[in-house]
Amino acid sequence: MAKTSKIAKNEQRRAVVARYAARRAELKELIRKPATPQDVREAAQRELRAQPRDASATRVRNRDSVDGRPRGYFRVFGLSRVNVRTHAHAGHLPGVRKSSW
């Protein structure tokens, strides 16, 4: 089980990313386009730098939906390797079977 404070902080980051996502995409598009005038591009870069660090989507950590474990995360299930194994053995994950050969 991860610390509750770490899980809460990650949820706050998700909220900040969602709040800034649209404006961030606009600014990145302005910066990316070659037809954008230099002064507009520089203004967009300044505004992008002025945004909070947590507005970047890379700051969000994938965590297990059951216990918040940050390592060994499986995107398909939204679970860590520990809980994938537990739920697979219990038969809670459709289409997942224990292999043996």
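Predicted model: local features only at pLDDT ≥ 70, side-chain atom pairs only at ≥ 80, totals over all residues.
Helices (H or I, at least four residues) and strands (E, at least two) are taken as DSSP runs, numbered from the N terminus. Residues are numbered from 1 along each chain as its sequence is written, and side-chain values rest on heavy atoms, with hydrogens and water left out.

Helix α1 comprises 29 residues (residues 4-32). Buried residues of α1 are N10, V16, V17, R24 and L27, where buried denotes under 20% relative accessible area, exposed over 50%, and partly exposed in between (1.4 Å probe, protein chains only). These buried residues pack against α2 (38-50), contact being defined as heavy atoms within 4.5 Å.

Six salt bridges were counted, each requiring a side-chain nitrogen of Lys or Arg within 4 Å of a carboxyl oxygen of Asp or Glu. Two of the pairs described here lie within α1. R23 and E26 are three residues apart in this helix, about one turn, and their side chains meet at 2.8 Å, N to O. R23 is partly exposed at 34% relative accessibility, as is E26 at 42%. E29 and R32 are likewise three residues apart in α1, with their closest N and O atoms separated by 2.6 Å in a salt bridge. E29 is partly exposed at 31%, whereas R32 is exposed at 56%.

A further salt bridge joins R13 to D54, with closest N and O atoms 3.2 Å apart. This pair links distant parts of the chain, R13 in α1 and D54 in the loop between α2 and β1 (73-74), 41 residues apart. D54 is buried, at 16% relative accessible area. R13, D54 and R59 are linked in a network of salt bridges.

R41, located in helix α2, is buried yet has no salt bridge, the nearest side chain of opposite charge, E42, being 8.0 Å away. For this assignment, Lys and Arg count as positive and Asp and Glu as negative, while His and the chain ends are not counted. Beyond its neighbours within four places in sequence, R41 contacts L30, I31, K33, P34 and T36.

Notes:
Expected span 1.5 Å × (residues − 1).
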